[in-house]
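Subject: Structure handover

Hello,

Here is the structure I said I would pass on. My notes follow below it.

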Amino acid sequence: MTSIPSIRRSVLIGALIASSALSGCALLVGGVALGSAMVVTDRRTSGAQVDDQAIELKSVNRIGEVIGDRGHVNVTSFNRLVLLSGEVPTEADKASVEAAVSRIENVRNIVNELAIGAPSSLGTRSNDTLLTSKVKASLIDAKDLQANAFKVVTERGTVFLMGRVTEREANRASDVARGVGGVQRVVRVFEVVSESELAGTQPAAPKP
């Protein structure tokens, strides 16, 4: 996930969104973790992970070119699908940001959840960071979930859950997040796959 303070300041997202920008399934957007352990456990291909990082980095300049420091825009790319969140002053700015990001190479689709209004306060963003950490810790504690499969971001007390997950995992993770104190709402932005599809993307277990 790449930050754009004020525009170039922080990056968050999400919703189980029925959007005209999406077709076929609920989509997911998440930040990129390219450490060696995460590359192994990430359910995206290594190529998709690299593309997601590039999309987020390029978004910083593209958005700065169209709205400067007038807003607080968050960009997260997962599997080449992009979610936009944060705040911008006008509907025209919201449309301009989406258009600018859509022109970045390898962007497959965009879900635009930018709110119209003043940027969130530093205190609100600090609280959001704390909530994200709490939700991540709770997912780790849930032994029936693979915590690394989920991307967690928080915006104004709303937690967005993202990942390429099964229906069972999606429901379980949502329940876990709702149980965290201070979370006002949980919104799901998942790419839901079958158990057999998921099994085909997992690394083979090491031989004893």
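In what order do the elements of the chain run from the N terminus on? The order is α-α-α-β-β-α-β-β-α-β-β-α-β-α, with seven helices and seven strands. Helices (H or I, at least four residues) and strands (E, at least two) are DSSP runs, numbered from the N terminus.

This is a predicted model, in which local features need pLDDT of at least 70 and side-chain atom pairs count only at pLDDT 80 or more, while totals for chains, interfaces and linings use all residues. Residues are numbered from 1 along each chain as its sequence is written, and side-chain values use heavy atoms, with hydrogens and water left out.

The whole chain

Of the 208 residues, 50% count as buried. Buried means under 20% relative accessible area, exposed over 50%, and partly exposed in between (1.4 Å probe, protein chains only). Among contacts (heavy atoms within 4.5 Å) with a separation of 6 or more, 72% are between residues 24 or more positions apart.

Helix α6

Helix α6 covers residues 167-178, twelve residues in total. From first C-alpha to last, α6 reaches 17 Å, close to the 16 Å expected at 1.5 Å a residue; the expected span is 1.5 Å times one less than the number of residues. The buried residues of α6 are Glu169, Ala170, Ala173, Ser174, Val176 and Ala177. They lie on the same side of α6, because they cover an arc of only 160 degrees around the axis, taken from the directions from the helix axis to the C-beta atoms. Their cover includes α5 (122-141), β6 (158-165), β7 (185-192) and α7 (195-199).

Salt bridges

The structure holds twelve salt bridges, each a side-chain nitrogen of Lys or Arg within 4 Å of a carboxyl oxygen of Asp or Glu. Three of them are described here.

- Arg178 and Asp175 meet at 3.1 Å, N to O. Both are in helix α6, three residues apart, so they are separated by about one helical turn. Arg178 is partly exposed at 48% relative accessibility, and Asp175 is partly exposed at 47%.
- Arg44 and Asp52 meet at 2.6 Å, N to O. Arg44 is buried at 6%, and Asp52 is buried at 0%. Salt bridges that share partners join Asp42, Arg44 and Asp52 into one network.
- Arg80 pairs with Asp51, the closest N and O atoms being 2.6 Å apart. This pair links distant parts of the chain, 29 residues apart: Arg80 is in the loop between β1 (72-78) and β2 (81-88), and Asp51 is in helix α3 (residues 46-67). Arg80 is partly exposed at 22%, whereas Asp51 is buried at 16%.

Regards
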